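These are my notebook entries on a single chain. I record what I looked up, in the order in which I looked it up.

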Amino acid sequence: MATSIIEGSSATASAIEAGYSPRQARTPYRLLQGPEMRRRMQMALKRSGGSIEAIAEVVADAMEATKLEGSFQTPDHKVRLGAAKLAAELLGVMRIDPAAPSAPEVIINIPPGLANSGRWNLRD
């Protein structure tokens, strides 16, 4: 299943190909949660040339994503934001809770000396 996913098949198709029932394959994320599957995914990634550097390169490229609007290339903010969130999570700067019902809460710690220095408008 892990190798099939790495090669580009959907998780559902990969589960069926690996011998899981169609019912089990409807929730492939459950099949991918265990430590054994994580180990197999890591091995398959290594065999296919996957590395931390390759992941970082893809995320960095996504943070520069553009899209064509009419005849102009414009920043693709949705893709860039997703890549920035992933990069922040991978770097340990921010944790994204997929179970959160709304946008993640962002807490910014402003040093007391800067809070009223005129650089920050805390009333908005």
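I take helices (H or I, at least four residues) and strands (E, at least two) as DSSP runs, numbered from the N terminus. The model is predicted, with local features needing pLDDT of at least 70 and side-chain atom pairs counting only at pLDDT 80 or more, while totals for chains, interfaces and linings use all residues. Residues are numbered from 1 along each chain as its sequence is written, and side-chain values use heavy atoms, with hydrogens and water left out.

Entry 1, overall make-up. I find 8 helices and 2 strands in the chain. Read from the N terminus, the order of elements is α-α-α-α-α-α-β-β-α-α. I call a residue buried under 20% relative accessible area, exposed over 50%, and partly exposed in between (1.4 Å probe, protein chains only). By that rule 15% of the 124 residues are buried.

Entry 2, the strands. I count two strands as paired if DSSP finds at least two bridges between them. S1 (residues 66-69) and S2 (residues 72-75) are antiparallel and share 4 bridges. Lys-67 has Thr-74 in S2 as its bridge partner. The hairpin leaves 2 residues between the strands, and Gly-70 there adopts a positive phi near 70°.

My criterion is a side-chain nitrogen of Lys or Arg within 4 Å of a carboxyl oxygen of Asp or Glu. The search of the whole structure returned 1 salt bridge. Glu-69 and Lys-67 form a salt bridge, with 3.5 Å between the closest N and O atoms. Glu-69 is partly exposed at 43% relative accessibility, and Lys-67 is partly exposed at 34%.

With contact meaning heavy atoms within 4.5 Å, and neighbours within four places in sequence set aside, Ser-14 touches Met-1, Ser-4, Ile-5 and Ser-9.

I use accessible areas from the Shrake-Rupley method with a 1.4 Å probe; for residues, only the protein chains shown count as cover. Patches consist of residues with over 30% relative accessible area and no salt bridge, like charges being joined within 9 Å and nonpolar side chains (Val, Leu, Ile, Met, Phe, Trp, Tyr) within 5 Å. Ile-55, Leu-86 and Leu-90 make a nonpolar surface patch of about 280 Å². Leu-86 lies in helix H7 (residues 77-91) and is partly exposed at 40%.
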